[in-house]
Amino acid sequence: MKQDPDILPVRPGRTPREARTPTELTPAEENELAAAKQGKREWVGPGVTAYMLGITKETLKKRRQRRDGLVPEHREATSNRGGTKYRWSSVARCAGAERLQNDVLAQRLEDVVALLVKKGIAVLGADLPWAFDARGRLVGLAVFHPGLLAAPLSVLEALEEPWVSELIRAPYHAMAIEVLEKSKAIVLTSREKWLDYPT
Amino acid sequence: MQVDDLTDAVRVRRWARVGGKLVGEAPSTELSAANEATSDAVEATLEEALALPWVSAAAREPHLQAFLSVLRRIETALEAARTRQRALDLDERLAGPSEQGRVGSRPFARDGRDP
């Protein structure tokens, strides 16, 4: 369809702004992120935090207010200017956990467990988002409990925590044992190959 | 060789090779020099290195034992955590449902004996 030359594509008097994705950083936030990465900042604002988690500031705010999902350690705003601040070390852990969760996202727990086993022994030390109930007991991976508060923990750290029950904990325990067994099998099978070498 | 924990076990290390076979870990203090001088070196985690060809079983054995020791320690810790969880479950069952924040019901109330 041909455009009428009398109709302007944008409203008059307003310069078109470049489209920015919801998680894009402002120049000030870019500086804030760089400083945090260099260890010069302990606390960062919601813009940097949301960017690291790959979500919008609105989503981050909703998570915090509803205590629902992965929220880094934070301190509430003391003034309108200051805003809520998030501890950088916690932001970095949550971001890693969020990434790994997205990486192994699957419908069923068994599928997620199978994907984690495939990642090998390093997965036991990798952060994942874990959901807690009101008593602070673990209930499983946050992806299966969207209504609960979550925290980033490595698989081994999570299995050290109190759970709602051993039954709920069992699949994750079995996964960790399977990872250990596979790792042991890899190095022991390799040993068989080198037994013929002169000592 | 000593491997402290999982983080140490999955850390990427630099391994020295002779004739394409591993002889051991390149000393960390000589890493930069090794980069320049030792063209035949490889970067790998301990697990990956153990799957590669070694000059001898004797050279490989201390690394293997260090790795297996970490696996055993992790397994022991996991089993201990499971035992703690079982004890916690048992405590809760013995304490009764009201301890878990549920509303207690009088015995026999649901089978019609309660007036």
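How many residues of chain A are in contact with chain B, and how many of chain B with chain A? In this predicted model, 27 residues of chain A touch 26 residues of chain B. Contact here means that the C-beta atoms, placed from the backbone, lie within 7 Å.

Look at the chain A side first. Two elements give two or more residues to it: helix H6 (155-160) and helix H7 (166-194) of chain A. H7(A) gives the most, with 13 residues. Now sort this side of chain A by class. It has 16 nonpolar residues, six polar ones and five charged ones.

Next, turn to the strands of chain A. Strands of a sheet pair through backbone hydrogen bonds, either parallel or antiparallel. In chain A, three strands make an open sheet, and their order is S1-S4-S3. The pairing is antiparallel. Strand S1 (43-44) and strand S3 (74-75) of chain A are at the edges. Each has a single partner strand, so one side of each has no neighbour in the sheet. Follow S3(A) to its partner. Two bridges link S3(A) to strand S4 (residues 85-87) of chain A, in the antiparallel sense. In one of these strands, S4(A), Tyr86(A) is the bridge partner of His74(A).

Chain B has a hairpin, formed by S1(B) and S2(B). Strand S1 (residues 13-18) of chain B runs antiparallel to strand S2 (residues 21-25) of chain B, and four bridges join them. Arg17(B) has its bridge partner in S2(B): Leu22(B). Two residues lie between the strands. In the turn, Gly19(B) has a positive phi of about 60°.

Conventions
Residues are numbered from 1 along each chain as its sequence is written. Chains are lettered from A and ligands numbered from 1 in the order in which they are written. This is a predicted model: local features need pLDDT of at least 70, side-chain atom pairs count only at pLDDT 80 or more; totals for chains, interfaces and linings use all residues. Two strands pair if DSSP finds at least two bridges between them. Two residues are in contact if their C-beta atoms, placed from the backbone, lie within 7 Å. Ala, Val, Leu, Ile, Met, Phe, Trp, Tyr, Cys and Pro count as nonpolar, Asp, Glu, Lys and Arg as charged, and the others, Gly among them, as polar.
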